[in-house]
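Biologist: I would like to learn how to read a model like this one. Can we take it feature by feature?

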Amino acid sequence: MARAVSTQQKTINTVLAWAIGLLIFFPILWTILTSFKTEAQAINDPPLFLFFDWTLENYAIVQERSDYMRFLWNSVIIAGGSTIVGIIIAVPAAWSMAFVPSKRTKDILLWMLSTKMLPAVGVLYPINLIFIQLGLLDTRTGLVIIMMLINLPIIVWMLYTYFREIPGEILEAARMDGAGLRDEILYVLTPMAIPGIASTILLNFILAWNEAFWTLNLTAAKAGPLTAFIASYSSPEGLFFAKLSAASTMAIAPILILGWFSQKQLVRGLTFGAVK
Amino acid sequence: MATQHSRSAARVMMAPAVILLLGWMLIPLTMTLWFSFRRFLPLRGGDLGWIGLENYVRFVTSSSFWPAVQTTLVLVGGVLLITVVLGVLLAMLLDQPMWGQGVVRILIIAPFFVMPTVSALVWKNMFMDPVNGLFAHLWQAFGAEPIVWLSDASLFSIVLIVSWQWLPFATLILLTAIQSLDSEQLEAAEMDGAPPLSRFGFIILPHLSRAITIVILIQTIFLLSIFAEIFVTTGGAFGTRTLTYMIFQRVLESQNVGLGSAGGVYAIILANIVAIFLMRIVGRNLDA
């Protein structure tokens, strides 16, 4: 909305919005700042904001004591693996629903969405049991499967809303020009679909990275991702604010950066296309 | 223009996704339903046979059931109230002309990308710790006695943490909705002399009603299954045991699978009631 406003009004808006924005962001900023303090400085009274001896020692200690890289790698495998497998399964499904819709397409889409509403705790024991039987407990493979299944409805939905925006006429035009199905998919549709697929991948990677029910309940030391690693800090021994901050900063930094790129897709993905 | 051939191809392309989701839904659900009718204690004798509806009755008559219902309602209701009200106000503010709008948006959206275990622990320790937390310093600066947040105001603290996580979601969706509002309508109302409050009440709010409904429904579904935030802060103590957490404790901590499964069936029914309303709105949107 481009409305003409006075400079004074604009200044008030700016000051107010920045104040609120910084207030909301403050816990993250504070965590990042604390990660560069020594443990003694982290609990200094009064709190130190910028004027302390900046140090990287916490990052070194976290890696050394708890093998941070292994948890990070587990997160990458679980979030990345589940997203890739999900995309491979969802693209054909979303594709056919968008381009060859039938009377039942809408029902199938809504039914898929309803599986997303299933409260995880309601099926906790069965999944636990199946995992024990199949030897999947505390394995990355098991987590990849679960993450893929819980996010599959969102992946299908997002892709569907993107694919539906590709005009059907363009296909007819390509066909008239003598393009076969292979050419059609390769040279006409794929280039148009890639942005949608990319944003779907981005959002689902984020959702899988941050998922904290199944990762906490189905993993232990071996396959635990960063969510589980951070949870182990809930029973502290001695001074630990700075180390908690360093571990937290490392766990959220990659996703914060990815997240900033995915703001627009977030709305579409999480409201199943109901708000665009 | 869809031929018989393309129809059957479409069915084949859809099959993997449909079959996987069908299995993912039906297999564990059937098992939960089955266990819920049995006395099943894996560590104390295993499966002790069919007991009909006893688990269902025991779950709702246990002394911790109604407190858990109340906790769940306060948590979900409190977070919804805070995020929707502040979300509307923030979205309206962000819609105004200002300098650095993009940066402010990024600052406000950031908490949504913080994993639940991190946000819960950062709040618990660095803000709510009664000795070294920032709140304690703040309270002391004003000469007040620091509050032991997670035991004396435990549920409120969790509402605060969860609201911080979900406010960005509400704001972002409501902002998207506000930006689709026809500005000419607002300008016309302004020229006709409608005061700001009635412009808000008669134009902005009705325009937002659909987006607000969607925010409420989606958040309710996610909030009903809040887990990590309670797990790493209070572990369900001090009146923060929600229905979800109670079921988790029945199943994994006290290993009473039959009882927990009955609770799980209740949770599934509850979630489905909310889901039906959400699906109606989403479904209507599909036709458009």
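Modeller: Start with the parts list. Chain A has 13 helices and 0 strands. Helices (H or I, at least four residues) and strands (E, at least two) are DSSP runs, numbered from the N terminus. Along the sequence, chain A reads α-α-α-α-α-α-α-α-α-α-α-α-α.

Biologist: What should I know about the numbering and the origin of the model?

Modeller: Residues are numbered from 1 along each chain as its sequence is written, while chains are lettered from A and ligands numbered from 1 in the order in which they are written. The model is predicted: local features need pLDDT of at least 70, side-chain atom pairs count only at pLDDT 80 or more, and totals for chains, interfaces and linings use all residues.

Biologist: What is the average pLDDT of chain B?

Modeller: pLDDT is the predictor's confidence in each residue, from 0 to 100. Chain B averages 87, and 98% of the residues score at least 70. For the complex, the predictor gives an ipTM of 0.86 and a pTM of 0.87.

Biologist: How many helices and strands does chain B have?

Modeller: Chain B has 13 helices and 2 strands. Its radius of gyration is 24 Å, well over the 19 Å that the globule rule gives for 288 residues, so chain B is more spread out than a compact globule. That radius is taken over C-alpha atoms, and the rule is 2.2 Å times the number of residues to the power 0.38. The C-alpha trace of chain B spans about 75 × 75 × 30 Å along its principal axes.

Biologist: How is chain A divided into domains?

Modeller: Domain bounds come from an automatic or database domain assignment. For chain A, the assignment gives domain 1 (7-59) and domain 2 (66-270). Their C-alpha centres lie 32 Å apart.

Biologist: How many residues of domain 1 of chain A are in contact with domain 2 of chain A?

Modeller: Two residues are in contact if their C-beta atoms, placed from the backbone, lie within 7 Å. In chain A, 11 residues of domain 1 are in contact with 8 residues of domain 2. On the domain 1 side, α1 (7-34), α2 (39-42) and α3 (57-66) of chain A each supply at least two residues. The largest share, 3 residues, comes from α1(A).

Biologist: Now the two chains. How many residues of chain B are in contact with chain A?

Modeller: 85 residues of chain B are in contact with 85 residues of chain A. Helix α1 (residues 4-36) of chain B gives the largest share of the chain B side, 17 residues. By class, that side has 65 nonpolar, 18 polar and 2 charged residues. Ala, Val, Leu, Ile, Met, Phe, Trp, Tyr, Cys and Pro count as nonpolar, Asp, Glu, Lys and Arg as charged, and the others, Gly among them, as polar.

Biologist: How do I tell whether a residue is buried or exposed?

Modeller: Count neighbours. A residue is buried if 20 or more other C-beta atoms lie within 10 Å of its own, exposed if 12 or fewer, and partly exposed in between. In chain A, 45% of the 276 residues count as buried. In chain B, 43% of the 288 residues do.

Biologist: Why is A:Gly81 partly exposed?

Modeller: A:Gly81 lies in helix α4 (residues 68-99) of chain A. A:Gly81 is partly exposed because 18 other C-beta atoms lie within 10 Å.

Biologist: Which helix holds B:Thr213?

Modeller: B:Thr213 is in helix α10 (residues 196-224) of chain B. With 14 other C-beta atoms within 10 Å, B:Thr213 is partly exposed too. The C-alpha atoms of B:Thr213 and B:Ile281 are 68 residues apart along the chain and separated by 8.9 Å.

Biologist: How many residues of helix α12 of chain B are buried?

Modeller: Helix α12 (residues 243-253) of chain B is mostly covered, with 8 of its 11 residues buried. Among them are B:Tyr245, B:Phe248 and B:Arg250.

Biologist: Which residues touch the most other members of the largest nonpolar core?

Modeller: A nonpolar core is a set of buried Ala, Val, Leu, Ile, Met, Phe, Trp, Tyr and Cys residues joined through C-beta atoms within 7 Å. The largest has 161 residues, and A:Val156, A:Ile230, B:Ile173 and B:Leu174 touch the most other members. Helix α7 (residues 140-164) of chain A gives the most to this core, 18 residues.
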